[in-house]
Amino acid sequence: MPLDTSTYDLALLRVDGRRWNELRRLHGQIRTQAAADGSSYLEMGNTKVMCVVTGPSEDAIKRRGMSASGSTASGGSNAADVAVSIVVGGFSSVDRKRRARNDKRIQELQATIAKALAANLHVHLYPRSTIGVSLHVLSQDGSLLAALINAATLALVDAGVPMTDYLVACTAGSTSTHSAGDEGADPLVDLNTQEEQELPFLTIATLGATDKVAILVCETRVQVSRLEGMMASAADACKGVRQFLDQVVREKGHKMVTEGAVEKGASMAMDIDV
């Protein structure tokens, strides 16, 4: 059944009960895997992602004087490589389609995330090393790339890898299709699967609370006149996601201090606000 977009208005509700600028329910945890250097679990609505970070660790191939190659690794010869792998569960979507590791869609997501993380992380501090980011998709309901980026950011913070700021992402769409030619179409943020199938949308990632764009992915046809409004709405939504991620990290740090796992005033309790 096609999505009825005729009722979309700034004063009305969307199909899932949200207004145009409201995010879905967010839930996040860090340090979910005790054996990993860093780990996280993130829910954006019904999209659920788990992330595990290993390293920075010395690369055995580089130690022997050889260069590692791969489309999912990003870095430099004198900096750490960021290797991203994504595993999509066959049970994660309604159609139960199983994606192989060499799937082109998966490779595109891996390359996009790896390049963005390598630009945000201080990889120059770990020469001849590798930072492994393993992402597992447990459930899909739209905004998959945004959820993967946010989960990876939480896990890297848990691993203690220095970074410029939180790398946060969100999606934004338009209430009218490209063929409709409606100049007065309103923007929407944090789209679900039903909205992504019917409406033009983009995914944007920003650094922290700033409007500096690190990732911009638009795979649908959209009129240029609507693009600016969609980007502005997504950037504003990213600020709300950044506040949520920061709250998750601070609550976990407070809990560790309360339980005595970390002494109050320890050097690891650093303020990363810009």
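Q: What makes the link between the side chains of aspartate 246 and tyrosine 166 a polar contact?
A: This is a predicted model. In it, 3.1 Å separates the two side chains at their polar contact. The cut-off is a pair of N or O atoms within 3.5 Å, so the pair qualifies.

Q: Why is aspartate 246 called buried?
A: Its relative accessibility is 11%. Buried means under 20%, so aspartate 246 counts as buried.

Q: Where does aspartate 246 lie?
A: Aspartate 246 sits in helix 5, which covers residues 224–259. The protein chain has five helices and 10 strands.

Q: How do you know that the span of helix 3 is close to the expected one?
A: Helix 3 runs over residues 144–159, 16 residues in total. From first C-alpha to last, helix 3 reaches 23 Å. At 1.5 Å a residue, 22 Å is expected.

Q: What makes helix 3 mostly covered?
A: Of its 16 residues, 14 are buried.

Q: Which residue follows helix 3, and what is its phi?
A: Glycine 160 comes next. Its phi is positive, near 80°.

Q: How much of the protein chain is buried?
A: Buried residues make up 46% of the 274 residues. The chain exposes about 13,900 Å², with 51% of that supplied by carbon and sulfur atoms.

Conventions: Residues are numbered from 1 along each chain as its sequence is written. This is a predicted model: local features need pLDDT of at least 70, side-chain atom pairs count only at pLDDT 80 or more; totals for chains, interfaces and linings use all residues. Side-chain values use heavy atoms; hydrogens and water are left out. Helices (H or I, at least four residues) and strands (E, at least two) are DSSP runs, numbered from the N terminus. The expected span of a helix is 1.5 Å times one less than its number of residues. Buried means under 20% relative accessible area, exposed over 50%, partly exposed in between (1.4 Å probe, protein chains only). A polar contact is a pair of N or O atoms within 3.5 Å; within protein, one must be able to donate a hydrogen and the other to accept it, and residues adjacent in sequence count only if both atoms are side-chain atoms. Accessible areas come from the Shrake-Rupley method with a 1.4 Å probe; for residues, only the protein chains shown count as cover.
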